[in-house]
Amino acid sequence: MLRLISSARTVLYAGAALGALAATPALAQDGGSDTVATAEGADDGAIVVTARRREETLIDVPISMSVVSGDDLIKTAAPDITALQDKTPNLTLQIARGSNSTMIAFSRGVGQQDPLWGFEPGVALYIDDVYVARPQNAILDIFDVQRVEVLRGPQGTLYGRNTIGGAIKYVTKRMGDDFSATGRVSYGSYNQLDLVGSVSVPLMDGLSIGGAIARYKRDGYGKNYNTGVDQYDKDVLAGRLSLEYAPTDNIFIRVAGDRTVDKSNPRHGHRLEGNGGIASYNPVGSVYDTAAGAGDYNRVMSQGVSATAEIGLGSGLTFKSITAWRNGNTDTIIDFDNTPAPTLDIPAYYQDRQFTQELQLLYEGDRLQGVFGLYYLNARASGAFDTVLGLANLTILTSGTVDTKSYAAFGDFSYDLTDQLKLSVGGRYTKDDKTGSVYRQNFTGIRSPRFGNATAVPGLLRTNYTNDRSFEQFTPRISLSYEPRQDLNFYASWGKGFKSGGFDMRGDAVLTPTTVNGYKPEKIDSYEVGMKGAFLNRTFFLNLAGYYSDYKDQQVTIQAPAAGGTIASFVDNAGKAVIYGFEAEARVVPSRHFSTSFVLGYTNADYKEFFTYIAGGTTPIDVSDQRVFQNTPKWTANASATWSEDFAGGTLSFTPAISMRSDISMFEYTSPLDQDGYFLVDASANWTSGDGRYRIGVAGRNLTDERYRVGGYYFPGALFGNSIIGYYGPPRTFTATVEVRF
């Protein structure tokens, strides 16, 4: 089912060999959604998470986090993990502008919008404890997933580099010893057809093999009125295969592989009204329509293998090894001007690969619990793209690579000072060695030789360098928890986070000569106080958190038109900012027939210093009073309720939901692309048979058919075709689903 290339097998065999030497007991759950928060009211005291790399109940973890079950996402027809944005306070999780499957994530104002190779995300993605270094094809679909954990605030101690804003953990299901199979078919608006199947087969006692495959097809929400193809369509094939061995309660070994291929058409965006002399070329005016002429080919592939081994050593000790290899490539194009002419076109190619090894030693004693670990990453990210300026008959080719080796040692331990008072102390030392190579050159003609124009005439060499830098950081964390009774936890914490520095792959040494020196890491100090508790005979669950963050050297990508018909791009370490806010999550479960939940988040992010170059100046000046945080609404909220009744030998449930996001800026400055606040209304109904084997569901999303921007490009001016274009979230859709479990 999965095609894993030969170089991956080497890693798989190496991981399996490690697994023969090391392994661990059931630190992760055995699957099933009964221990995970669902719309139908699971017990928060029974929700088991691994936020601190060991099993704990959600209430006991002194971290602001949300947990959403895979079943809950499926029942509400979530299109992919971007649906977490509606269920999680102070989170922005979107498909990147100009792509179908690249992830853009911000948490509490911290993230990274620019997915170019070599740039680091600010919110890290993990699949079964394996760090996914690149955001391409990171918009994961919802299949074979038990739960998703969203950790807010810096997680630099246990998760390390590039978790300065938080972490998203995608946890797949474990197979167990019994045969099981699931088939799901969904049909919906725009000829949506989802086919998902999974199977787990026991081969002998303690040995099982299983896999899952998913096919997603959908027509587009709009059309390209120049070429006739769909826009915002979906064409994805994904699969996973795993082998699990658990001969005793103290040993667990898993070898797993996955592969995803996305052939959806490129998203070229929509020109906004009032763009001046160039017509919009959108005859019906839909925000999903375009008239782009750059091309319609897009292919994004990602794949990987991993070996996880766990062994209980006795006396409360467990050893764990996680070995993983991943790679991916992207072949795509973005038409910035959205017209048939090559006014501002960007054909692009990305490639990445990574190898990671993590070793953990966990201890569980009467009063002391914790983990010590070592981590290693070896990765390369590379790519190339043309900036085609058709009105000037000019193309700028940019290409390069970033090689990264990262080493870390970490530990985090909790000690019960009394039966009610617990102290947690942790720290992580990280060293990143980076080598960056950047090449940038002008060509006369439409496209460079790298993208098919062999007659293009070489011109000014703008950038050509190789440089290396090392970054070291210690990120401690300390927290104090007070539990006056069972299921009530008050906590306070302080922690540091950092995002690695690097080299600007778009850096123009003619316009900004200092680009060859690279840019510095981001750093953050974050303070948090919170409360988690169950009340009223466990019918009311409430989580509260307030935080204050001191943010330094934020990495901001500035892309602006420059003299001579070029585009200047440079990465600024912006200076200083203060971010503070709060989060509240509540659930009320008065009976098995009714539950309701509320989510509220507030973020106030304010630049105190923002030094940058203005109008070609050679001295940076402070423009903090003119800058705002992007992708950071002040307010986020969600409310939902579920009614359920016994019906026809099963249970019929109905869940309406409404979510709200206040005004959003797309960049660090005000632009016509900024999005006003908006509401989204969803609803779903599901019937599940009494034995749980059958489910029939219908769901509607964005029932009010709201039009809202989730990204854009802003290149005003005649030479750039006055290219001001927006990308939009899905329109109103309906989906019907039939699911069978064996």
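This is a predicted model: local features need pLDDT of at least 70, side-chain atom pairs count only at pLDDT 80 or more; totals for chains, interfaces and linings use all residues.
**The largest nonpolar core.** Start by selecting Leu116, Trp117, Phe336, Met505, Tyr713 and Tyr727, which touch the most other members among the 40 residues of the largest nonpolar core. Next, colour strands S21 (345-364), S22 (368-389), S23 (394-416), S37 (678-689), S39 (709-715) and S40 (723-728); each supplies at least two residues of this core. S40 gives the most, with four residues.

Now centre on Phe336. Beyond its neighbours within four places in sequence, Phe336 is in contact with Leu344, Ile346, Tyr713, Phe715, Ser723 and Ile725.

**A separate core.** Select Val123, Ile142, Val148 and Val150, which are among the 25 residues of another core, apart from the one above.

**Strand S10.** Select residues 166-172. Seven of the seven residues of S10 are buried, so the strand is largely enclosed by the rest of the structure. Show the side chains: Gly166, Ile168, Tyr170 and Thr172 point one way, while Ala167, Lys169 and Val171 point the other way. In a regular strand the side chains alternate between the two faces of the sheet.

S7 (residues 123-127) pairs with S10 in the parallel sense over five bridges, and Leu125 stands opposite Ile168. S9 (residues 145-152) pairs with S10 in the antiparallel sense over seven bridges, with Val145 opposite Thr172.

**Asp553.** Finish in the loop between strand S29 (540-552) and strand S30 (555-562), where Asp553 is placed. Is Asp553 buried or exposed? Its relative accessibility is 18%, so Asp553 counts as buried. Leaving aside neighbours within four places in sequence, Asp553 is in contact with Lys520, Pro521, Glu522, Asn573, Ala574 and Gly575.

Key. Residues are numbered from 1 along each chain as its sequence is written. Side-chain values use heavy atoms; hydrogens and water are left out. A nonpolar core is a set of buried Ala, Val, Leu, Ile, Met, Phe, Trp, Tyr and Cys residues joined through side-chain atoms within 4.5 Å. Buried means under 20% relative accessible area, exposed over 50%, partly exposed in between (1.4 Å probe, protein chains only). Contact means heavy atoms within 4.5 Å. Two strands pair if DSSP finds at least two bridges between them.
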